[in-house]
Amino acid sequence: MSPHPTTLIPYAERIKFHTNPTAIKILEIMDRKKTNLAVSVDVTSAKEALEVVRRVGASVCMVKTHCDIFEDFTPAFTEELLRLSKELDFVIFEDRKFADIGNTVSLQYSSGIHKISTWSDLTNAHSVPGPGIIAGLSKVGLPLGRGLLLLGEMSSAGSLAVGGYTEQTFKMAQDAGREFVIGFIAQNRIDKPEKIGEGEDYLIMSPGVGLSAKGDSLGQQYRTPRECVVESGADVIIVGRGIYGVEGGEEAVKSEAERYREAGWKAYEERLGRK
Ligand code: 5IU
């Protein structure tokens, strides 16, 4: 099978296909820092999450959060995360997985304790409710220059986001236009070459990445960076426990992030035919 055309274009050269400021920022950072690694800091203490970010921030293009799992969430957390995002040059991705009607998600995005739209560059949504979910989030996020990913596929065993569901999710994003929807969380290039036009560029981000484990006891399934980037054409690999969960203390976490960055970047160079 011939490679997906998008995967043959360097990240920096794909910037011109985007108008969304967050998409442009992600591609610029990936090129500048030579990293397609996103770290997922799924710890229950915001203080600890910031410590992980300080350690691995230099190795990643993106920090992914689940702000609702922090026991000690405060606006001071997001202020410090924002400060670190500027100092260490990464994008913030709150993995909120919105899944309600447009009116409700616009409130969940802008309001409540977390006020996600005020600090997160990128967020994501299920396509289950229909296109109103994009419209609701866009109303809040587009004026702020934020970006949205739709969930086209999941890494967990038995996911129902397959086949026709995935195809319709892609179509929903395409119909919405790329001002706000900049790509997908998926395990494959769900933007099939025959469905996209010239310069129609989407970012595919894949969670479920591990160099050691093959999965967990709750249905998570891991692939290697090479499987994701070379074989499946993902643009960004998302790693959680593989990095922050490594044994050996602070230095081990830092060097594990570098190990994943190197593996992800090497795979990217391989797919470009640079080696
Ligand atoms: N995540 C997945 N799979 C998915 C989606 C999101 O694992 O299909 I959508 C999230 C869940 C977790 C992170 O925050 O990505 C992966 O963490 P581990 O690398 O620790 O499994």
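**Ligand site and overall fold of the predicted model**

A polar side-chain atom of Ser-40 is placed 3.2 Å from an oxygen atom of the ligand. The model is a predicted one. Ser-155 brings a polar side-chain atom to 2.7 Å from a ligand nitrogen atom. Gly-240 contributes through its backbone: an N or O atom there lies 2.9 Å from an oxygen atom of the ligand. Taken alone, the ligand exposes 500 Å². The protein buries 92% of that area.

The shell around the ligand holds 16 residues. The closest are Asp-42, Ser-155, Gln-220, Tyr-222 and Arg-241. The space that the ligand takes is the largest pocket.

The overall fold was then examined. The secondary structure of the protein comprises 10 helices and 8 strands. Along the principal axes, the C-alpha atoms fill a box of roughly 50 × 45 × 35 Å. The radius of gyration is 17 Å. For 275 residues, a compact globule would have a value near 19 Å, so the protein agrees with that expectation.

Conventions
Residues numbered from 1 in each chain as written. Predicted model: local features only at pLDDT ≥ 70, side-chain atom pairs only at ≥ 80, totals over all residues. Heavy atoms only, no water. Near = heavy atom within 4 Å. Polar contact = N/O pair within 3.5 Å; in protein donor to acceptor, adjacent residues only side chain to side chain. Areas by Shrake-Rupley, 256 points an atom, 1.4 Å probe, with all protein chains shown as cover. 1 Å grid on protein atoms, 1.4 Å probe; cavity = no way out; pocket = protein on both sides within 12 Å on 5 of 7 lines; lining within 4 Å. Sits in = over half its atoms within 2 Å of the grid points. Helix = DSSP H or I, 4+ residues; strand = E, 2+ residues; numbered from the N terminus. Rg over C-alpha atoms; globule rule 2.2 N^0.38 Å.
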